[in-house]
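This report goes through selected contacts, charge pairs and helix packing in one model. Please keep the sequence and the coordinates open while reading.

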Amino acid sequence: MSQHPTAQVPDQLFPDPVAEARWRARFAAPRVSRPGWAEDAPQRSLYLSNLGGVWEVYAWDRDSDTHRQVTNRKNGTTSATLTPDGEHIWWFADTDGDEFGHWVSEPYGGGAAPVPALPGTPDAYPAGLALGNRVVALGTATDDGTTIWISRDGGPSEVVYQNEHDGGVGSLAKDETFLVISHSEHGDSRHPALRVLRTDDGSTVAEKWDGKGKGLDALAFSPVPGDQRVLILHERRGKEELLLWDVEADTEVELSIDLPGEIVGDWYPDGSALLISHTYQARNTLHRYDLTTGELSTVDTARGVVSSAEVRPDGTVEYSWSFSGQPPAVRAIGPDGVDRVLLEPQGERAPESVPLDDAFVEGPGGTVHALVARPEGEGPFPTVFDLHGGPHSADEDRFSAYRAAWVDAGFAVVHVNYRGSTGYGSVWRDAIEGRPGLTELEDVAAVHAWAVGSGLADPAKCVVAGGSWGGFLTLLAVGTQPELWAAGVASVPVADYVAAYEDEMEPLRAYDRALFGGSPEELPERYEASSPITYVDKVTAPVLVLAGENDPRCPIRQIENYLDRLAERGAEYRVYRYNAGHGSLVIAETTRQTAAEIDFARQVLAAG
């Protein structure tokens, strides 16, 4: 391992103290997630907040309007849930962000140290959890595959499913007699099948698989005891839609909901209707779908992104809302139709930023949707092409302190919803199969050409950046498209795909096999063609790489392999390493990383 040059973290980005305070305030501003609640004690809620500078779990008693910080760990906590009676909080305990650990339990009101929630289950990566009053179903993932455990009436856990392929816990029936699980025994974890098990003995009740290239996702069983229908997400017609599967009768009803784009849903508490979240062109709308009449009505929310929503027992819809120009909020629409802020932490709200504009660019695989933020002044601007992770994710019209900092620094920011992104149909999402990375970059190149041709981007000052899959695309871009990029900023990237495959968690290896069509041993030429290290000798732009020491998704060894190759060539590059996993939940850390990225890009462009 070489001694790699480290990135500089400037004390300040802007000489103007007002501008300096503004960009830092966007990161430091207190934020909260939408609170969930105990099924049988809805006055007891949990949410996540960065109020203390690290994302942690908080409990909220709505009756007394009291709040308690539940977790307090160096690198934060993001996974937590309540038992149905609201008496206990379960949260996932890993080590410094490595995502490997076990669930622990503590009383809702505190006063006792957390203890292992399901003794007898080993440390593993989480693969789903369903808590009932009598039955607990827990999924674990290790290098040996997927194991699903059931505990009944507080008794010892029992294995009801074990398989080498990727899978996990889906949903538990309201009467706790049935459990639906996902599995990929057919060999494609990106398009899973479903199986229903009896919780009393683990025997199979029903199976559902739509065939090659068509995945199923179990969203939730009906909230009505004895109603054995489960809401399923399917893609039989090339986009995500909904159906109801009666698992006991093994019959189904496809729901015809006439909306463009894609949808997901959840139940109203009485089981009479569904709350529909509709995604179209990077924005969301909410709707109520009456299961008896088929009537679709709109739940009025402001233009932007609804990242999560749920219906309270009294019919109130609580949701997380965001818009690119304004800081996010947790809101509630009551049965009277009045929309209000539900939960707002103490402290100053984040300063606003510029809104995003749409661009629709013709690419080699169809129309590419991009989102653009412009700084003040006249272009062409230095421009950062910020590529999202996933790859099965999408950039949306939501607020981002990270984007706002680049805009404040005078950069235009372009987000590209390349092939592989969600929200644009199954064909668009799956178009990267067999050729991941290279396909997405064809779309990025098309948007780059549009940005330059339209006068937005200065062709000599284009920076490619991204985290996770976006970091992978960044390193692949500077190696395969060196003429386009003045600098690359890759956070927690895949850099050496074969080494990454060897070291990453098994669920991701299963994902890679599905994406490439096999393992590196079976298809070495495909992995070589898509691996950034293959093109490292063609990299001419200076590169900054940010890496987490404990990252199980993009492990550190394969990043070191890439950096060593840069060092051997005498290439210009910098490294920023931090003691956490696949990203950081510590606000000061994410702020430092952003400062390092922008400072690096400025220095490179100034030198050029």
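Gly488 is found in strand β34, which spans residues 487-491; helices (H or I, at least four residues) and strands (E, at least two) are DSSP runs, numbered from the N terminus. The model is predicted, so local features need pLDDT of at least 70 and side-chain atom pairs count only at pLDDT 80 or more, while totals for chains, interfaces and linings use all residues. Residues are numbered from 1 along each chain as its sequence is written, and side-chain values use heavy atoms, with hydrogens and water left out.

With a relative accessible area of 0%, Gly488 is buried. Buried means under 20% relative accessible area, exposed over 50%, and partly exposed in between (1.4 Å probe, protein chains only). Leaving aside residues up to four places away in sequence, Gly488 touches Val464, Thr474, Val478, Pro542, Val543, Leu544 and Phe600; contact means heavy atoms within 4.5 Å. The C-alpha atoms of Gly488 and Ala601 are separated by 8.2 Å, although these residues are 113 residues apart along the chain.

## Salt bridges

Side chains of opposite charge can pair when their charged atoms come close. A salt bridge is taken as a side-chain nitrogen of Lys or Arg within 4 Å of a carboxyl oxygen of Asp or Glu, and by this rule the count comes to 47 salt bridges. One of them joins Arg68 and Glu106, with the closest N and O atoms 3.6 Å apart. This pair links distant parts of the chain, as Arg68 is in strand β4 (residues 66-69) and Glu106 in strand β7 (residues 102-107), 38 residues apart. Arg68 counts as partly exposed at 22% relative accessibility, whereas Glu106 counts as buried at 5%.

Lys208 forms a salt bridge with Glu252, and the closest N and O atoms are 2.6 Å apart. Lys208 lies in strand β16 (residues 204-208) and Glu252 in strand β20 (residues 251-254), so the pair ties together parts that are 44 residues apart in sequence. Lys208 is buried, with a relative accessible area of 11%, and Glu252 is partly exposed at 31% relative accessibility. Both residues belong to a network of salt bridges that links Lys208, Asp210, Arg236, Arg237, Glu241, Glu252 and Glu254.

## A bridge between helices

The side chains of Arg557 and Glu502 meet in a salt bridge at 2.8 Å, N to O. Arg557 is in helix α9 (residues 556-569) and Glu502 in helix α6 (residues 497-503), so this pair links distant parts of the chain, 55 residues apart. Arg557 is partly exposed, with a relative accessible area of 36%; Glu502 is also partly exposed, at 46%.

## Packing of α1 and α2

Two packed helices are described by the angle between their axes and the distance between the axes. The axes of helix α1 (residues 17-28) and helix α2 (residues 401-408) come within 9 Å and cross at roughly 175°. Axes are lines fitted to C-alpha atoms, for helices over the stretch in contact, and angles run from 0 to 180 degrees between N-to-C directions. Helices α1 and α2 are therefore roughly antiparallel to each other, a term for angles over 145 degrees.

In this contact, Arg22, Trp23, Arg26 and Phe27 of α1 meet Ala401, Tyr402, Ala404, Ala405 and Asp408 of α2. The residues of the contact divide into six nonpolar, no polar and three charged. Ala, Val, Leu, Ile, Met, Phe, Trp, Tyr, Cys and Pro count as nonpolar, Asp, Glu, Lys and Arg as charged, and the others, Gly among them, as polar.

## Cysteines

A disulfide is a pair of cysteine sulfur atoms within 2.5 Å, and by this rule the count comes to zero disulfides. Cys462 is buried at 0% relative accessibility, and Cys554 is buried with a relative accessible area of 4%.

Definitions and conventions: Angles under 35 degrees count as roughly parallel, over 145 as roughly antiparallel, 65 to 115 as roughly perpendicular and the rest as oblique.
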